Structure formats: structure tokens, C-alpha cells
Amino acid sequence: MSTSVTGNQDFFYNNRFIHDFRHASPYIHHFNGKTLVLAISSHVLVSDKLAALAADILLLTSLGMRLVIIHGCSQFIRAIADCHTAISIDENPVTDEAALRLVKQACGIARFDLEAALSMMPTQVMDHSIPNVRISSGNFLRAKPLGVINGIDMGYSGSVRKVDAAAIEEHLARNQLVLISPIGHSLSGQSYRLPVNEVAQAVSEAINAEKLIFLGTQQGILDEQQQTISKLNCIEIRQLLARNITDKRQTELLQTAVHVLEHGVQRVHVLSGLHDGSLLLELFTREGSGTAMAKAPFMRIRPAENKDIGEILQLIAPLEAAGILLPRDSEYMENHIHEFSVLEQDCYVYGCVALHVYPQEKAGELACLIVSPNARTRGYGELLLSHVIKQAQELQLQVLFALSTNTGDWFIERGFTSATLAQLPLKRQQQYTSNKRQSKIFRRQL
């Protein structure tokens, strides 16, 4: 009995691994060679989760991702100063000479702790002769003083004047991980304390990063009910800011997100660095683990490409096996891929549809409309239908028809009417007769 249970468990976990790995593969392929900026809170760096996070960061580099890490230092200031002094430095926008010395010390400790964590060899690695990941840091940030604001001299508090993007790119091209502290230097040789958010913003924009990821103590951006918001676009971010329901930290993150998204960064993520594996879950699963933000809505419908053929065939396969759709092989797809559109969310194809055009009859056939079982409650079928109708109208077609063996009601509910074989284009009539499927015919006037 126990052997049977163990066997079932092994079967479950093996199949779960296969399922998860296959679903992660589009993300792994997409992120290869991409540049990611990680802004890590000092709360994470002083926690017991640093070793696990460092191992995950090393895994990302082994998958071909180019990483820039920006770290905070407030918790290290607390470790080397008394509580009162640490709080005053944290909350006071003015930085005097004593505070600047503490910031420099804290940044040094944070940097060396990170380097040590990233130098550890994961226990899973068999070949311990593999060299450590090279870590580069230096004077990548040119700073300028804030000066006098409202009659108050801000001392050694500064802002980013320029990012040496060429130098960062040079290190990334050598497969090195770049580590940046929140301190910059002026042309006169003076050092200035910089806000981590501002550094993350300036660096991610300067190097055209694919993603800016904030790893802090909070699971993500929270709504009024303190529930994590999984996805936001720029319009939704502005609406959230206008409602003034977020705390200071969330407001800063949202403002940074809007700025970088409108200046070329593709995605901003906010997630907890205190949850083991949150970075991997956010990057390699559909559900994610925190809040993902983009300039526009995450979903889009685009023309299919040859690289989509495998995913389209996976969508089609269960319906072919059930006899709902005619079989289509790779050769067919290569010859007809220009007729297909895919509905994509991030890196994953959730649906497809084809438009076959009969120009002489000014007619089009809606075919192969499929939505993944994982997304059938999201209204994607209607979106694909609307997309094909718009395509047909742009081509000045006068009628759109569809053939179906079991979804006739769906078409009727969306403005199609029953039609006869004689109303199909002649070429399509011949195909209909030869395949002997006896599909029901529906048409819609455009």
C-alpha cells in the first residue's frame, strides 16, 4: 500500500514539474539576453532570506539575463548608529557631514554582504570548479547637490545628474553583474546621498532595461482592502494615485513606475523579497507573486508569426482529438500563418483566430477561434471575434461566415444567422462537400 502511495506521489510531482517547466519555457526564452534592474530594500539584505534570493539571482544570470542591482542602506545605518541617529537620517531630507559618513559606511557593508551572498556556490551545483559570477561596481552615477530648498541647505543630499550607461553596458556585455550603491559623485569630487528610487529610475531608463523590479517587504501594491493588485497599467496607476489611498512608500513606487514605463522600460514589478522564490514566481509563472505594471494593458492581439506555430498547434490539438476541428500540421501552419492572429498576454499565447479571405465574393471566413482553457472566463473569445470583424471591415469585405459542429449558439448570440451551403463561396462549398463534416454554417453581414 505504501509503495503505491509513494508511486502516485512521484507521478504527481514528476508531472507537476513537467507542467511547470513547460509553462515557464516561453518566459525563459523571452528573458534571455534581456536587462533587468533589481532594486533591493535593505530590509531584505539584513534578513535570513538573502542567501535564497542570491541563489535565485545567480540562477537568472545562468539563464542569460543581464542584471543590475541597486541596494538600499537604511537598515545598515541602524546597525552602526544609535536608533535616534538612524531614524533622523532616514527621515531627514538634509544630509550633513556626519550623516554622509554613516551612509558611506552603510553602503560599504551592504555592498560587501551582497557580494558575499552572490559568491556562494549553490549546493545543487555539481561542478564546484565553475567560477563565481563577476560583480562590478564603480562610479556609474554622476550626482549634483539639491542645494537650498525653501531656505534650507540640503547639505550632501543630491540627485542623479547622469548615468554612465556606456560603462554599465560594457560590464553587462562581459557577462558581469553590476552593483550600484545609492551614492553619486559630482564633477568637483564630492559625494552625495541619493534616493534609491531615483537611482533605480535613472539607471533603468538610461540602459533601456526590460524590467525594473522592486524587492521590498510588501507583497505588492495594495488596494483599499489591503489586497495585492496583480496588474496595473499607467491609466490605472494614475487613477490609484488620484484616489490618494496609498501610503508614502507605495506612492513613490507608483510615481517611479509611471515615469519609467513612459520612458521605455517595458515592465515594473513590486514584490516581497522576504518570500522565498517570489522573484522566480514573478518572472516565470502566469500568476506572478506581486504587482506587475505596464504602460498599456497586458493583453494584446497581434499578427501570428512562425515562432507562434508550436503554441497554436498546442491550442488546436485537444479540439482535433475531439473531432471539433480538422487536423492542421506544421506545414499547413507555415503556409497559412499570415491568416492567423494570436491573443498574447506577456509571453504566453492564450488564443488564436484565422481569417480566410475570398476576394471575388468579398467574403471572409472566421476559422480556428480558440481560447486556452486557462483563460475562458476572461472574454477573450469576444475580443478575437471583434478583431476579425475589424480586419474584415478594413479589407472591405461584405460578409463574414463561420462553420461549426458544436458552437452554433455562441455565433447566434453574437449576431450571426444560419446560412446554407449555397451562400458560401464556390471554393469553400467544394471543401465543405469533400470533408463530409456537415458543419453548421453561420454568416454575418458587415
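Guide: Let's start with terms: axes are lines fitted to C-alpha atoms, for helices over the stretch in contact, and angles run from 0 to 180 degrees between N-to-C directions. Helices (H or I, at least four residues) and strands (E, at least two) are DSSP runs numbered from the N terminus. The model is predicted, so to speak of local features takes pLDDT of at least 70 and of side-chain atom pairs pLDDT 80 or more, while totals for chains, interfaces and linings use all residues. Residues are numbered from 1 along each chain as its sequence is written, and side-chain values use heavy atoms, without hydrogens and water.

Visitor: At what angle do the axes of α9 and α10 cross?
Guide: Two packed helices are described by the angle between their axes and the distance between the axes. Here helix α9 (residues 234-242) and α10 cross at roughly 150°, and their axes come within 10 Å. That makes α9 roughly antiparallel to α10 (under 35 degrees is roughly parallel, over 145 roughly antiparallel, 65 to 115 roughly perpendicular, the rest oblique). The crossing of α9 and α10 is left-handed, meaning that the near helix is turned anticlockwise from the far one by less than a right angle; clockwise would be right-handed.

Visitor: Which residues make that contact?
Guide: From α9 come C234, I237, R238, L240 and L241, and from α10 come T251, L254, Q255, A257, V258 and L261, where contact means heavy atoms within 4.5 Å. By class, the contact of α9 with α10 has 8 nonpolar, 2 polar and 1 charged residues. Nonpolar covers Ala, Val, Leu, Ile, Met, Phe, Trp, Tyr, Cys and Pro, charged covers Asp, Glu, Lys and Arg, and the others, Gly among them, are polar.

Visitor: How are α8 and α10 arranged, parallel or antiparallel?
Guide: Helix α8 (residues 196-206) packs on helix α10 (residues 248-261) at about 15°, with axes 10 Å apart. The two are therefore roughly parallel, and their crossing is right-handed. N197, Q201, S204 and E205 of α8 meet R249, E252, L253, T256, H259 and V260 of α10, a set with 2 nonpolar, 5 polar and 3 charged residues.

Visitor: What domains does the protein have?
Guide: The domain assignment, automatic or from a database, gives domain 1 (17-294) and domain 2 (300-445). Their centres, taken over C-alpha atoms, lie 45 Å apart, and 7 residues from domain 1 touch 7 residues from domain 2.

Visitor: What area do the two domains bury?
Guide: The size of an interface is often given as the accessible area lost when the parts come together. Domains 1 and 2 bury about 670 Å², 53% of it on carbon and sulfur atoms (with a 1.4 Å probe, summed over both parts). On the domain 1 side, P26, Y27 and R286 lose the most area to domain 2, together 64% of what that side buries.
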